[in-house]
Amino acid sequence: MSSRPTVPLHLIFLVVLTLASIPLSIAQDSPQDYVAAHNAARSQVGVGPMAWDESVAGYARDYASKLASDCTQLVHSQGPYGENLAWASPDLTGTGAVNMWVGEKSDYDYSSYSCAPGKDCGHYTQVVWRNSVRLGCAKAQCATGGTLVTCNYDPPGNIDGQKPY
């Protein structure tokens, strides 16, 4: 006879069902998720890692809350940090936003420090900016629908005349 306690099968099923009902987006919005997505892109170009900074994250949360009333006008905060903004409907994960910004890599020409004509690649260059080492991000549900993600970078990048890496 075994002395191991047994767990009823219906209890295991209930736990699995509960865990399966948690939206995947929650699992992609933690500080570690934002940092990992940024650092994956940075490592591809030989740039050192970023670290989560709670002061920068607080700034991002405050600005995301301010923008959440009307996400149809994504205007940069003009604050002390570099900043990337993204919006999608119905939902956007933090890692999804970072991956969208990193997707601009194909439009960036390193030799000329410029984007392909008619393309935007400044989100990508901010993600991989070698001097930006502190990161803070936030996500907000928009009153007008959709989801907003903002990431802030300290020190800011995208300095004219300088290469990101």
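Here is a walk through the fold, starting with the sheet and ending with the disulfides.

A word on the ground rules: this is a predicted model, in which local features need pLDDT of at least 70 and side-chain atom pairs count only at pLDDT 80 or more, while totals for chains, interfaces and linings use all residues. Residues are numbered from 1 along each chain as its sequence is written, and side-chain values use heavy atoms, with hydrogens and water left out.

Let's begin with the sheet. It is an open one, built from 4 strands in the order β1-β5-β6-β2, with mixed pairing. The edges belong to β1 (51–52) and β2 (82–88); each has a single partner strand, so one side of each is left without a neighbour in the sheet.

Now take the pairings one by one. β1 pairs with β5 (residues 134–141) in the parallel sense, over 2 bridges, and A51 has R134 as its bridge partner in β5. Helix α2 (residues 31–44) packs on this sheet, where it touches β1, β5 and β6 (147–154); contact here means heavy atoms within 4.5 Å. The direction of α2 makes about 120° with that of β5, with axes being lines fitted to C-alpha atoms (for helices, over the stretch in contact) and angles running from 0 to 180 degrees between N-to-C directions.

Moving across, β5 and β6 are antiparallel partners over 8 bridges, and K139 stands opposite V149 in β6. The two strands form a hairpin with 5 residues between them, and G145 in that turn has a positive phi of about 105°. On the other flank, 7 bridges join β2 to β6, again antiparallel, with W87 standing opposite L148 in β6.

How much of β6 is buried? The count is 8 of its 8 residues, where buried means under 20% relative accessible area, exposed means over 50%, and partly exposed is in between (1.4 Å probe, protein chains only). T147, V149, C151 and Y153 point one way from the strand, and L148, T150, N152 and D154 point the other way.

A cis peptide bond joins S89 and P90, with omega about 10°, and P90 is in the loop between β2 and α4 (94–102). Another cis peptide bond joins D154 and P155, this time with omega about -10°; P155 sits in the segment after β6. N158 is in the segment after β6 too, and it has a positive phi of about 55° although it is not a glycine. Its relative accessibility of 36% makes N158 partly exposed. Q78, in the loop between α3 (54–67) and β2, is another non-glycine with positive phi, near 60°. Q78 is exposed, at a relative accessible area of 71%.

Next, have a look at H123 in helix α5 (residues 122–127). It counts as buried, at 18% relative accessibility. Its side chain makes a polar contact with the side chain of D120 at 3.4 Å; that term covers a pair of N or O atoms within 3.5 Å, where within protein one must be able to donate a hydrogen and the other to accept it, and residues adjacent in sequence count only if both atoms are side-chain atoms. Leaving aside neighbours within four places in sequence, H123 is in contact with N84, L85, W101 and E104.

Finally, the disulfides: the whole structure holds 3 of them, each being a pair of cysteine sulfur atoms within 2.5 Å. C71 and C142 have their sulfur atoms 2.0 Å apart. C71 lies in the loop between α3 and β2 and C142 in the loop between β5 and β6, so this pair ties together parts that are 71 residues apart in sequence. Both C71 and C142 are buried, and their link is left-handed, with -90° about the S-S bond.

C115 and C121 form a disulfide with sulfur atoms 1.8 Å apart; its torsion is about -95°, so it is left-handed. C115 is partly exposed at 29% relative accessibility, whereas C121 is buried at 2%.

The disulfide of C137 and C151 has an S to S distance of 2.1 Å. It links strand β5 to strand β6, 14 residues apart, and its torsion is about 110°, so it is right-handed. Numbering the bonded cysteines in sequence order, the pairing reads 1-5, 2-3, 4-6.

Technical notes: Pairing = 2+ DSSP bridges.
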